[in-house]
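Hi there,

Here is the structure I promised to pass along. Have a look at it first, and then read on for what turned up.

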Number of protein chains: 2
Amino acid sequence: MDSQQDSPTGKGSQRARWKQDPEGVRSNILAVALKEFSEHGLSGSRIDEIAAKTRTSKRMIYYYFGDKDGLFQKVLEEAYRHVRDGEKELHLEDLAPVDALRQLVEFTFEHHRRNPDFIRLVMIENIHNGDYLRKSELIRSLNQTAISRIEAIYNKGVEAGLFRKGILPVAIHWQISALSFFNVSNRMTFSQLFGGDLFDEKGQDQLRRQIADSIIRFVSSETPA
Amino acid sequence: MDSQQDSPTGKGSQRARWKQDPEGVRSNILAVALKEFSEHGLSGSRIDEIAAKTRTSKRMIYYYFGDKDGLFQKVLEEAYRHVRDGEKELHLEDLAPVDALRQLVEFTFEHHRRNPDFIRLVMIENIHNGDYLRKSELIRSLNQTAISRIEAIYNKGVEAGLFRKGILPVAIHWQISALSFFNVSNRMTFSQLFGGDLFDEKGQDQLRRQIADSIIRFVSSETPA
DNA sequence: CCACTTATGTACCGTTCCGTTAATTTGTCA
DNA sequence: TGACAAATTAACGGAACGGTACATAAGTGG
């Protein structure tokens, strides 16, 4: 969720020191809209409010994105891309299966934790029955790597006799996602109902290790130390 | 989310065959509003639309609930009460720790699955930073039983040498909630990104057993059969 | 430097939507 | 049965909001 200062169209931009800056305006709108949507939801956000926080005018939003739905659609796509990009920092190829899995779980946990805007956007998208995701070819293509990454680790672990057979990689991914996602999505209500101890810095460290343990135990053929 | 047919004020009602029916109207509004809010969110819902689906008029909503926020507040409280009531069916006292825990997990999983409206309401409440929950004295009081129920099972398990020490009951509850909640809350996006196999009847049966296994393994001192 | 496309700002329109005003009907109880 | 409170209806006001019309500036290619 940084971007934005690269106004004069970053990509090998031949045209420097311009007054007009389509790409910059576009991405500025997207950044503001992401924040606004993730804060207030789709119908809770106001186009006028978004426009006001932009460096440009309301007219530009309609010029580039057509309407409110179109804007939300693009915001969602941009957010998915940004988050999936972040996951590329992860390199697990030469780790032992158990270490790789622990690494993956803890990374996912932290990654979600650092991107609450994205999480909230996905919550909102789920409230809208995934309608905007459905319309996006782009996004579906970004996600199969998550499964194959797990599959590689899992298969390696099974071959080494460390993991038990018969678990679907997608089920492992589901469980990792669930725990990492819930940690952000339901923080507000959970901490109000059951106290905030799990969510301060120390609590989160414990939780992160704990869910990594949990996932490892889940797939292990024996109890891990 | 049944209720509602008990119009002539259910509670040992002395006044039968009435034309006016305050309690009936009130609960009819709440039922319609629950559905509407859980479907469209707080700002996405229209008071006029709710009123239209009611057996009464818009004015009555304001008469009984003040404004939109007040209505949402009461809907939330009502939903929590209803769901917590449903949990009273559960009796685990005389089961062995492992069986009790499995029972509790599978029950929670199914219970969430059967109450998607409630789940969606909680998602919405989280998007609004838990503001409405915060204002409700009522709700907080309903929830401590969830923790003590787990604590009883866990302590029994530890004493019997079946469970390992050093886990917080609230962390166990957190994990059960996360898995059961995510299963409903993120169904739309998850199934679109990774396929729907986990969510048909067979997939859900497997998932339910699987997460029960997972929780049990998590607390166990040894690998379970 | 001119014709044409792309980008941007201003002012405005029609509708939706929350909430209210004012009056009426229904029931209570002394 | 009549005074008073509770419940309910119909119609409306006014602000908020999504979207557009129109004018114009900035940039491009010939």
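How many residue pairs are in polar contact between chain A and chain B? This is a predicted model, and the count is 17 residue pairs, with both residues at pLDDT 80 or more. Salt bridges are another matter: the count between chain A and chain B is 0.

As for which parts of chain A touch chain B, the elements that give two or more residues are helices H1 (22-40), H6 (116-127), H7 (131-134), H8 (137-142), H9 (144-159), H10 (169-185), H11 (187-194) and H12 (201-219) of chain A. H10(A) provides the largest share of that side, with 12 residues. Sorted by class, the side of chain A that touches chain B holds 25 nonpolar, 21 polar and 9 charged residues.

On the extent of the interface, chain A brings 55 residues to the contact and chain B brings 55 residues as well. About 5200 Å² is buried between the two chains, and carbon and sulfur atoms give 63% of that area.

Now the symmetry. Chain A is superposed on chain B by a rotation of 180 degrees, with 0.0 Å of shift along the axis and an RMSD of 0.1 Å. This is the relation of a two-fold axis. The interface fits into that picture too: 100% of the interface residues of chain A are also interface residues in chain B, so the copies meet through the same surface.

Best wishes

How values were computed:
Residues are numbered from 1 along each chain as its sequence is written. Chains are lettered from A and ligands numbered from 1 in the order in which they are written. This is a predicted model: local features need pLDDT of at least 70, side-chain atom pairs count only at pLDDT 80 or more; totals for chains, interfaces and linings use all residues. Side-chain values use heavy atoms; hydrogens and water are left out. Contact means heavy atoms within 4.5 Å. Buried area is the accessible area (1.4 Å probe) that two parts lose on being put together, summed over both. A salt bridge is a side-chain nitrogen of Lys or Arg within 4 Å of a carboxyl oxygen of Asp or Glu. A polar contact is a pair of N or O atoms within 3.5 Å; within protein, one must be able to donate a hydrogen and the other to accept it, and residues adjacent in sequence count only if both atoms are side-chain atoms. Helices (H or I, at least four residues) and strands (E, at least two) are DSSP runs, numbered from the N terminus. Ala, Val, Leu, Ile, Met, Phe, Trp, Tyr, Cys and Pro count as nonpolar, Asp, Glu, Lys and Arg as charged, and the others, Gly among them, as polar. Copies are superposed by least squares on the C-alpha atoms of residues with pLDDT of at least 70 in both.
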